[in-house]
Amino acid sequence: MNIGKIITVAKRRGFIFPSSEIYGGLAGMYDFGPLGCLMKKKIENFWREFFVKTDNIYEVETCTIMSKPVFVASGHLKDFIDPLAQCKKCKSTFRADDLIKEKTGKFVEGLNPEELTEEIRKNDIKCPKCKGELSEVRIFNLMLGTNVGPVEGNLAYLRPETAAGIFVNFKNILNATRAKLPFGVAQVGISYRNEISPRHFLIRLREFRQMEIEFFVHPEKLNECPNFDRFADIKIKIFTREEQERKGKPIEITAEQAVKQKILPNQFMAYFLAKEFLWYQKLGIPAKALRFRQMTEAETPHYSAGNFDMEIEFDFGWKEVVGNAYRTDFDLKSHMKHSREDLSITENGKKVIPHVVEPSFGIDRTIYAILLYSFFEDKKRGWDWFRFPPRIAPITVAVYPLVSKDRLPEKAWEIYEMLKKDFDAIYDETGSIGKRYARSDEAGIPFAITADYQTLKDSTVTIRDRDSTEQKRIKIDDLTRILTQLVNEEIKLF
Ligand code: GAP
């Protein structure tokens, strides 16, 4: 897993660029280039297909800047905090818990600033950059504020999670859709956190992208998940609190058993965990690199009655990519209290405040994992390439003339014009065919179509498979159908 090399290729091929780079960059911010942008859209759409359209879920898109009372009610202005230690010499800032974990391996979530300072002094932890002495630990709030409008003092905040816009619109959504419990509301978009020390490429950013679902459930029907049966038998890996404490390993268990044995708090949580476990494998992450870690009591956020992070094993260790929280009625109750709006639902003549199960996916971390697990340093082929699953590969198909003469470019261009209506396609006639294959492999393009002399005679082309490098001859008339089936994994041609 050569992440340095992957970052270089990702930049060169137009996946990810450091933001504001020509002015020295801005820590914790990355831009998506043409290929990254295409891949992000495909991941989002695949997520919609797999998680949103399958259930009673409505998607919304709300503002990223929201008023201060929203975050007073959500608790973020008070509780969304991390412990900060600053180097007295070079002034660099660090998360105190990270520094302690890295030096001692100890999990110190829940310790207060004095206790963390004590750990730093006791373990003789110095500034990782200049070895300078570190300050006392203090608490830092991660909310990014901004002034809205021309008059000073009109403070608003950039949302730290897309969930905020869902909860404050709960009544509007309900009135507009007349949704019945259980139902979900999804949102895909940008969130902001003023992280103390951004790190690990796309892992800890200050501006990042999330795909979230708030699933609203009758509090007495938490084990009546409508589509649960379809995923009840899926085996998932859960690293329980007990196993973590005794330095054991994740247990393997079906979604159904995990609910029965009360390892998971309810069927809805199990439903999402099972689907996540399958979906990430469809993105090319092997099952052995996936697990759900139950948060310890100290780590569990203020709003949650049970958190199970889906973690992926990265080059630097395991890290959360999807946060799964059983938020109970915390958010709706709190917004009811602060806004004085009635956010309850009437069911069978009785008022209920729905409970919420929330899967919250990080797009940037997902893309990091895909780049990591798709990258293939191929000595035999002589070039490195990305083995993206066709469904999320930024470009699906490359079209080439075998040589740039004898009417082959015109024929290949005609095919390209046809294919680009249905697929993300490129046309390339520069360099030898071998060089063009190398370039398309590096961009992770799963299929390449070549128009050759036979094409002019019988309207057939060759289709090359990126993974096996095998080629088959097919009719131009069948191209769209076959490519669609290959992308949707409905047929195997190679
Ligand atoms: N609404 C719940 C929520 O936001 P979270 O566990 O704080 O939960 C969910 O975040 C996901 O968002 C994480 O699993 C991660 O993938 C992504 N995420 C959170 N903070 C991030 C950051 N600073 N940089 C990149 N991704 C982040």
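Two strands count as paired if DSSP finds at least two bridges between them. With that in hand, let's tour this structure, which is a predicted model. Strand β22 (residues 397-401) and strand β24 (residues 447-451) run parallel and are joined by five bridges.

- β24 is mostly covered, with five of its five residues buried.
- Which residues point which way? F447, I449 and A451 face one way from β24, while A448 and T450 face the other way, and all are buried.

**The ligand and its shell**

- How many residues surround the ligand? There are 20, and the closest are E161, L205, E212, E320 and V321.
- L205 uses its backbone here: one of its polar backbone atoms is 2.8 Å from a nitrogen atom of the ligand.
- E320 uses its side chain instead, with a polar atom there lying 2.6 Å from an oxygen atom of the ligand.
- V321 brings a polar backbone atom, which sits 2.8 Å from an oxygen atom of the ligand.
- On its own the ligand would expose 550 Å², and the protein buries 94% of that.
- Which elements give two or more residues to this shell? They are β11 (207-217), β16 (317-328) and β19 (355-362).
- β16 gives the most, with five residues.

**Strand β11, part of that shell**

- Ten of the eleven residues of β11 are buried, so the strand is largely enclosed by the rest of the structure.
- β11 pairs with strand β10 (residues 183-192) in the antiparallel sense, over ten bridges.

**Salt bridges**

- The structure holds 44 salt bridges, and here are a few to look up.
- D124 and K126 meet through their side chains in a salt bridge, at 3.0 Å from N to O.
- Why do D124 and K126 both count as partly exposed? That label covers relative accessible areas between 20% and 50%, and D124 comes in at 48%, while K126 has 36%.
- K260 and E256 make a salt bridge at 3.8 Å, N to O.
- These two residues both lie in helix α10 (residues 255-260), four residues apart, which is about one turn of the helix.
- Is K260 buried or exposed? With 57% relative accessibility, K260 counts as exposed, whereas E256 is partly exposed at 31%.
- R327 forms a salt bridge with D331, and their closest N and O atoms are 2.9 Å apart.
- Buried means under 20% relative accessible area, so R327 qualifies at 1%, and D331 qualifies too at 3%.
- Some salt bridges link up into a network, as with D98, E102, R199 and R204.

**Out on the surface**

- L402, Y453 and L456 form a nonpolar patch on the surface, and together they have about 220 Å² of accessible area.
- L456 belongs to helix α16 (residues 453-458).
- With a relative accessible area of 30%, L456 is partly exposed.
- Where is C63? You'll find C63 in the loop between β3 (57-60) and β4 (65-67).
- C63 counts as exposed because its relative accessibility is 57%, and the cut-off for that label is over 50%.
- C63 and E489 are 426 residues apart along the chain, and their C-alpha atoms are separated by 36 Å.

Technical notes
Residues are numbered from 1 along each chain as its sequence is written. This is a predicted model: local features need pLDDT of at least 70, side-chain atom pairs count only at pLDDT 80 or more; totals for chains, interfaces and linings use all residues. Side-chain values use heavy atoms; hydrogens and water are left out. Buried means under 20% relative accessible area, exposed over 50%, partly exposed in between (1.4 Å probe, protein chains only). Patches are made of residues with over 30% relative accessible area and no salt bridge: like charges are joined within 9 Å, nonpolar side chains (Val, Leu, Ile, Met, Phe, Trp, Tyr) within 5 Å. Accessible areas come from the Shrake-Rupley method with a 1.4 Å probe; for residues, only the protein chains shown count as cover. A salt bridge is a side-chain nitrogen of Lys or Arg within 4 Å of a carboxyl oxygen of Asp or Glu. A residue is near a molecule or strand if one of its heavy atoms lies within 4 Å of it. A polar contact is a pair of N or O atoms within 3.5 Å; within protein, one must be able to donate a hydrogen and the other to accept it, and residues adjacent in sequence count only if both atoms are side-chain atoms.
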